[in-house]
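Visitor: I would like a close look at one part of this model. Please take the ring contacts and go through them in detail.

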Amino acid sequence: MKLSQLPLVLLLISNICSQHTEENPKAKVTIKPAQHVFRGETVTLRCDIYDEGVTRWRYSWYKEGSVNVFSELQEHTFSPVTESDTGKYSCYGEETEGSHRSQHSDEVTLRVSVPRAVLSVSPQTWLTEGDSVTLICEVNGSSTGWTFSWFTETVSSDNRYHHNLLSDSSRGAGGNYTVSSAALNHTGVYVCRAERGKPAYNTQYSKTHLIWVTGVSPPVSLIISPNRTEHFTSVSVSLSCEDQNNSTGWRVSRYTDRWGLEDCSSVWESQTGSTCTINSTMIWDTGVYWCESESGEKYHAVNITVHFDVCSVSVADVILESPVHPVTEGDTLTLRCLYQHTTTPNLRADFYKDGSLIQSQTTEMIISTVSKSHEGFYYCKHSDGESPKSWISVTVFHSESQISVLHILSSVLAVSPYLLVTVVLIFKCCRMRVAPVEEQETSICF
């Protein structure tokens, strides 16, 4: 064959291949209800082949990584679907009575995961009585068809966890649960869960969230020794609950990211009466600690942080010694800088408030008369390191005489508009009565 005939031969081959391709329609895979589903749902794979000349097809289904046909139906259903069904699927068809064949479809990916609820809190988890808070429950990777429920998590004396459905928890499509006016009994550990489908199936419980509601004057105080919220590792820390009546019906509880909700008597190292002692602190002792009554009421929460030692990735060899409880307005505030690896009790350091230097090269910083303006984040700097920031809260105290005076003033201001209106009306009435008398006297004279 001459070289000049070669292009013609290639053109003929191309036309033959093109005609062959057009004669073989391409199969198409669809997945319902979606390509990303959750364990327990029902999923259907469907193979469609569009060819006007063929009425009946015999289907073949393939899963990526296998040459075996796992189904010969047009629709294949997984009910319930599991994580092992995750993969790429394709189909192919042959005419039942004839010689037509389809092309293999493109692979379509089915992803199956475990449904997990995600709980978040807005605007914050630490509240004062009367504040509003919203619990937001969502499902990762999906937003439709879910209904939600919210629970409080408690731990029994035998260290078993229980989820108690909130009596006013709405099982609606919206993923928000709002407490418009928080009370002390709203303090607790919360989780949420979602469900959908018929028959209904549930997601796993979300991770826990602690919500704390603070009252004006708690009936009990959490006493910490050493008296600070920042602690080094491998030291002893004791915690006890004290009230004015010296009652023994209190226990110390805590909530940590690692262990969740715990009772002192069930898991901690030693207990004497209502006093619990951590003999050697570790980083996972970081958490919220509080006093709890026998009936489950929770009071006086304190955030305690245990810092890494020098061998850790995140070094905090310097800490700020600051008061555990809020400082009352007018009291004295004393701050010190402590270093883990020294016998010297106090370091000469620089002290900062909200990022601004307020005292330099002193062993302790003293504010003799604290006011509300002193509230903020404090930390200290030393050549050996910088302490983490600590929040200093200032409580404004009003005496009973101040409160009574303010109450009287507010009452007077509230009533004064009514008094003013009453006086004006009396004045007008008097004038109206005086006017006819004057007219009578005038007519008699004339």
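How many aromatic pairs does the count come to?

Guide: The count comes to 12 aromatic pairs. The rule covers rings of Phe, Tyr and Trp (its six-membered ring), which pair if their centres lie within 6.5 Å; planes under 30 degrees apart count as stacked, over 60 as edge-to-face and the rest as tilted.

One of these is the pair of Phe 151 and Tyr 205. The geometry is edge-to-face, with 5.4 Å centre to centre and 85 degrees between the planes. Phe 151 belongs to strand β11 (residues 147-155), while Tyr 205 sits in the loop between β15 (201-202) and β16 (209-214), so the pair ties together parts 54 residues apart in sequence. Strands here are DSSP runs (E, at least two residues), numbered from the N terminus. Phe 151 is buried because its relative accessible area is 5%. Tyr 205 counts as partly exposed because its relative accessibility is 27%. The cut-offs: buried means under 20% relative accessible area, exposed over 50%, partly exposed in between (1.4 Å probe, protein chains only).

Next come Trp 250 and Tyr 299, an edge-to-face pair at 5.8 Å centre to centre and 75 degrees between the planes. This pair links distant parts of the chain. Trp 250 is in strand β20 (residues 250-256) and Tyr 299 is in strand β25 (residues 298-307), 49 residues apart. Both Trp 250 and Tyr 299 are buried.

Rings also group. Trp 61, Phe 70, Phe 78 and Tyr 89 are linked into a cluster by ring pairs.

Then there are charges over rings. The test is NZ of Lys or CZ of Arg within 6 Å of the ring centre and within 35 degrees of the ring normal. Lys 381 lies over the face of Tyr 352, 5.2 Å from the ring centre. Lys 389 places its charged end over the ring of Tyr 379, at 4.7 Å from the centre.

A word on the basis. This is a predicted model; local features need pLDDT of at least 70, side-chain atom pairs count only at pLDDT 80 or more, and totals for chains, interfaces and linings use all residues. Residues are numbered from 1 along each chain as its sequence is written, and side-chain values use heavy atoms, with hydrogens and water left out.

Key:
Helix = DSSP H or I, 4+ residues; strand = E, 2+ residues; numbered from the N terminus.
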